[in-house]
Amino acid sequence: MAATRGHRLRDGGFPAPSETRRTGVVIVGGGISGLAAAWKLARAGVDDFLVLDMEDEFGGNSRAGQSPLVAYPWGAHYLPLPAREAVHVRELLAELGVLQGDPAAERPVYDERYLCATPQERVYRNGLWQEGLLPHLGIDVGEREQQRRFHERMEELKAARGRDGRRPFAIPMELSSRDPEWRALDRISFSRWLTDNGFTAPRLHWLANYATRDDYGTAHDQTSAWAGLHYFACRGGEAANAASDTVLTAPDGNAWLARGLATAASGRIVTDALAWRIVEGKAAVAVDVLQGQKTVRYEARQLIWAAPAFVLPRVWAAMPGELRSAALAGDYAPWLTANLHLSDFPEERHGAPPAWDNVLYDSPGLGYVVATHQLIRRRLDGTVFTYYRALSDVAPAEGRRLLLDTPREAWAEGILAELERVHPDIRRLTTRLDVFRNGHAMRRPVPGSLWYGQRETLAGFRHPRIALAHADLSGFSLFEEAQYRGVVAADLTLRNRRA
């Protein structure tokens with residue numbers, strides 16, 4: 001349904017506006033960036049805004065589903081412990097009561113219901129589940145030494161500071177060091193950086209490839225080394241009541257965070273609303289929006305574009321040429337997510353016990369998370385496994401074609417066959433299997449795209465009536481980046497309203 005709506009922008013043929021509505025600020029896009037912009041505006045006392053979203057529900061990549069048993073994610077499903085740089089994330093968590101006490105504390109206390117229950121993760125390789133993400137059983141002394149050196153190097157990068165006093169890999173990424181030596185890492189791939197630094201062990205390269213597929217939907221030989229290192233070195237958050245590598249999660253993934261942001265926009269979110277034209281006027285910006293079978297024109301003093309950047313040139317005819325080129329410069333990773341509803345927990349192979357995140361070595365998919373893991377104190381009859389696959393083994397356009405052309409039944413059969421390797425009885429236990437296709441899940445941080453491409457043109461765009469807000473402005477899709485870009489856009493909007 002969403003693909004059909006989105007492709008209407010390509011096909012055109014929209015009805016003329018038959019109604020006009022007016023508001024102070026129109027926010028196009030109800031994902032994390034758009035919701036964060038609304039959250040920031042509301043905190044500043046602004047209530048004359050509307051959030052428009054093409055989908056049937058808000059949340060973007062943080063949406064979730066609900067079964068009679070449990071909620072479950074359709075996309076993003078965890079949040080690392082935020083470092084003090086992630087000011088807005090900490091403010092939100094404090095507002096929601098998840099971070100307890102001073103949001104600026106070095107090691108805050110977190111609500112234990114949101115700290116991922118142990119065991120957090122395991123990996124399946126050669127017929128055996130192993131604790132953690134990096135396979136460590138059955139490897140020789142040389143590879144074990146490389147693993148030790150890699151972990152040591154990542155800790156050094158976490159502690160490093162540039163000549164400007166900033167961390168090389170901060171989150172939000174805009175706060176990272178401006179030193180040329182660190183930015184130069186964007187010129188090469190992550191796989192090349194590993195090899196150049198003597199990290200040749202197969203399991204290390206597998207881990208790097210898993211990490212970039214998981215966060216960026218992109219293989220490590222196509223990912224910027226800066227982005228690859230950012231995955232491992234940006235996570236400097238700590239907690240008084242949890243290990244530093246613990247993540248925050250819930251049965252519905254990150255949907256609880258989206259709902260927390262959306263509280264500030266209660267009654268001002270319009271779904272099933274496809275923005276198809278932007279027209280600048282002398283005193284306002286008009287946004288034409290398809291709602292059902294008719295077009296409604298929204299006139300506002302300010303517009304925040306919080307939808308993906310590549311869509312903007314299709315709806316804003318007067319878009320400046322340099323900005324248009326920047327918006328179209330990036331490509332997007334195609335993703336497949338499936339939720340398997342099980343009548344009982346499946347049979348286990350040998351090794352480490354069931355975890356929240358269950359990763360498959362040398363497999364088309366990344367693995368699955370267990371929606372009921374946080375409900376470990378309850379005895380439930382059944383569970384939901386959320387399976388993830390980044391189509392990083394083909395070109396993005398080919399991946400999108402596969403998503404459109406491959407029947408749901410074929411995807412379901414492939415997923416069941418893949419998971420049967422580790423759970424022989426999973427077919428018998430699966431009562432329902434839903435498949436979610438995302439052709440443009442996230443912008444791909446390929447070499448040269450972060451500090452030497454046109455991303456900075458998007459991030460630096462300034463206009464008296466239009467502000468941009470999306471994780472695309474960071475070059476990759478993370479909750480922290482999306483929220484940051486929404487807050488920045490809201491700040492710009494507030495400044496322009498006062499001008």
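The model is predicted: local features need pLDDT of at least 70, side-chain atom pairs count only at pLDDT 80 or more, and totals for chains, interfaces and linings use all residues. Residues are numbered from 1 along each chain as its sequence is written, and side-chain values use heavy atoms, with hydrogens and water left out.

**Second largest pocket**
- The second largest pocket holds about 840 Å³ of space.
- A pocket here is an open set of points on a 1 Å grid over the protein atoms alone, where a 1.4 Å probe fits, with protein on both sides within 12 Å along at least five of seven lines; lining residues have an atom within 4 Å of a point.
- Its lining has 36 residues, and E121, L133, Y231, F232 and D245 lie nearest the centre.
- Helix α4 gives the most to this lining, with 6 residues. Helices are DSSP runs (H or I, at least four residues), numbered from the N terminus.

**Salt bridges**
- The count comes to 38 salt bridges, each a side-chain nitrogen of Lys or Arg within 4 Å of a carboxyl oxygen of Asp or Glu.
- E143 and R203 form one at 2.7 Å, N to O. This pair links helix α4 to helix α7, 60 residues apart.
- Both E143 and R203 are buried (under 20% relative accessible area; exposed is over 50%, partly exposed in between; 1.4 Å probe, protein chains only).
- K158 pairs with E155, with the closest N and O atoms 3.3 Å apart. K158 is partly exposed at 24%, and E155 is partly exposed at 48%.

Note on methods:
Points joined across faces, edges and corners; volume = space filled by probe spheres on them. Helix = DSSP H or I, 4+ residues; strand = E, 2+ residues; numbered from the N terminus.
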